[in-house]
Amino acid sequence: QRKRRKQIEKELKEVFAQPEIVDLMNKARATLAGAGAGLSEEVTQTSPPPPPSSVGSGGGRGGVRGTSTEKGKKGKEKGFCDVLVKLGGAAVTNKSELETLDEDTLSSVIRQIAAVHRSRRLVVVHGAGSFGHFQAKEFGVQGGSLEDPRVVRGFAETRASVTKLNTKIVDALVREKVNAVGLSPCAFWDSRGCSAASVEIIRGLVGRGFVPVLHGDAIACGDRSVILSGDKIVADLAEVLRPKVVLFLSNVNGIYNKPPSCEGAILIPRIEVVPNGWSCVGIEFESAAHDTTGGMRGKVEEAAAIALGGVDVVVARAGSEAALVALRGKGDLEDGTLVTSMRPRR
């Protein structure tokens with residue numbers, strides 16, 4: 001295993017030496033800065049990241065930080081939930097086939113959530129996958145004018161599809177004795193994020209033992225329709241709920257230097273984010289033609305922004321042992337990617 005790690009580090013060094021890295025990261029920096037992450041003009045490049053160590057180590061090197069007394073961005077105390085779970089649409093649906101579930105993967109995820117929900121306070125957000133994306137693409141819902149009857153029709157069809165998926169997931173959780181409650185962001189989200197009253201509702205549900213289940217949605221922002229991705233919902237909730245960890249459940253083992261289907265793809269075990277860049281760069285992205293939410297690129301950028309806010313992020317395959325480790329908050333991450341912010345030594 002030690003020999004394999006050295007080989008991975010050697011291969012990563014070669015990846016990081018590519019000249020296009022700086023250009024890619026400057027583009028990512030600009031995107032994050034626009035989202036309020038505040039990255040500066042320079043990109044920091046360092047040696048390849050070390051393998052992650054453990055989850056739930058109370059802030060130790062390589063672990064997932066966060067305790068009920070820790071304070072994060074804007075002085076908010078952590079502790080409103082233990083794990084904020086993002087269930088990727090590509091993980092639980094077949095994104096190439098309209099409104100088609102991946103029953104096996106969904107069942108695995110449901111069983112894992114059921115196994116920990118009594119001891120861990122959870123909030124679940126799921127993507128749309130093959131529910132909603134096709135309709136949104138066909139009718140031009142993203143950024144479309146709500147004065148256009150075609151966009152209005154597409155808005156309605158998109159929401160009908162994504163709420164159908166939400167119902168299926170909530171039903172599956174309830175069958176496993178999880179007290180899940182479906183919530184649609186359309187009613188309480190806008191361009192500024194989630195309303196304060198709605199945040200209190202979510203906190204109240206979690207405090208009473210419920211598991212809120214939100215979903216990617218279509219929302220109205222003035223006279224325009226906007227696709228609100230599950231990743232954006234997670235980023236907004238991470239800031240106000242201050243979870244101990246954010247867990248992105250994907251259809252792959254973690255974040256790779258290029259699409260996993262490509263030759264030479266390498267799983268990146270750890271990405272460290274600092275105020276002026278990332279320490280792990282050179283990542284290539286792709287997404288389905290009908291994906292209106294940014295694909296894996298959007299997920300990595302949101303994960304980096306969340307980590308900058310003081311909350312560690314784990315990206316793992318849905319239903320995997322790494323996912324269960326993150327849900328439980330203890331154990332070693334053998335697979336998966338840890339996205340964390342570098343803290344100055346005191």
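Leu249 stands opposite Ala316, a residue of strand S13. The model discussed here is predicted. The points below begin with the strands on either side of this pairing, and then turn to a pair of helices, to one residue, and to the chain as a whole.

*Pairing of strands*

- Strand S10, which covers residues 245-250, is joined to S13 by 6 bridges.
- These two strands, S10 and S13, run parallel.
- S13 also pairs with strand S15, residues 337-341, and here the sense is antiparallel.
- The pairing of S13 with S15 extends over 3 bridges.
- Within S15, Val339 is the bridge partner of Val313.

*Helices H4 and H10*

- A pair of packed helices is described by the angle between the two axes and by the distance between them.
- Helix H4 consists of residues 103-116 and helix H10 of residues 321-328; their axes come within 10 Å and cross at roughly 25°.
- Because angles under 35 degrees count as roughly parallel, H4 is roughly parallel to H10.
- The crossing in which H4 passes H10 is right-handed.
- On the H4 side, the contact is made by Gln112, Ile113 and Val116.
- On the H10 side, the contact is made by Ala323, Leu324, Leu327 and Arg328.

*Residue Asp332*

- Asp332 lies in strand S14, which comprises residues 331-332.
- The relative accessibility of Asp332 is 47%, and the residue therefore counts as partly exposed.
- Asp332 and Ala322 are 10 residues apart along the chain, and their C-alpha atoms are separated by 7.9 Å.

*The chain as a whole*

- The chain contains 10 helices and 15 strands.
- Of its 346 residues, 52% are buried.
- The chain exposes about 15,600 Å², and 48% of this area is supplied by carbon and sulfur atoms.
- Where contacts join residues at least 6 apart in sequence, 76% of them link residues at least 24 apart.

Terms used
Residues are numbered from 1 along each chain as its sequence is written. This is a predicted model: local features need pLDDT of at least 70, side-chain atom pairs count only at pLDDT 80 or more; totals for chains, interfaces and linings use all residues. Side-chain values use heavy atoms; hydrogens and water are left out. Helices (H or I, at least four residues) and strands (E, at least two) are DSSP runs, numbered from the N terminus. Buried means under 20% relative accessible area, exposed over 50%, partly exposed in between (1.4 Å probe, protein chains only). Contact means heavy atoms within 4.5 Å. Accessible areas come from the Shrake-Rupley method with a 1.4 Å probe; for residues, only the protein chains shown count as cover. Two strands pair if DSSP finds at least two bridges between them. Axes are lines fitted to C-alpha atoms, for helices over the stretch in contact, and angles run from 0 to 180 degrees between N-to-C directions. Angles under 35 degrees count as roughly parallel, over 145 as roughly antiparallel, 65 to 115 as roughly perpendicular and the rest as oblique. A crossing is left-handed if the near helix is turned anticlockwise from the far one by less than a right angle, and right-handed if clockwise.
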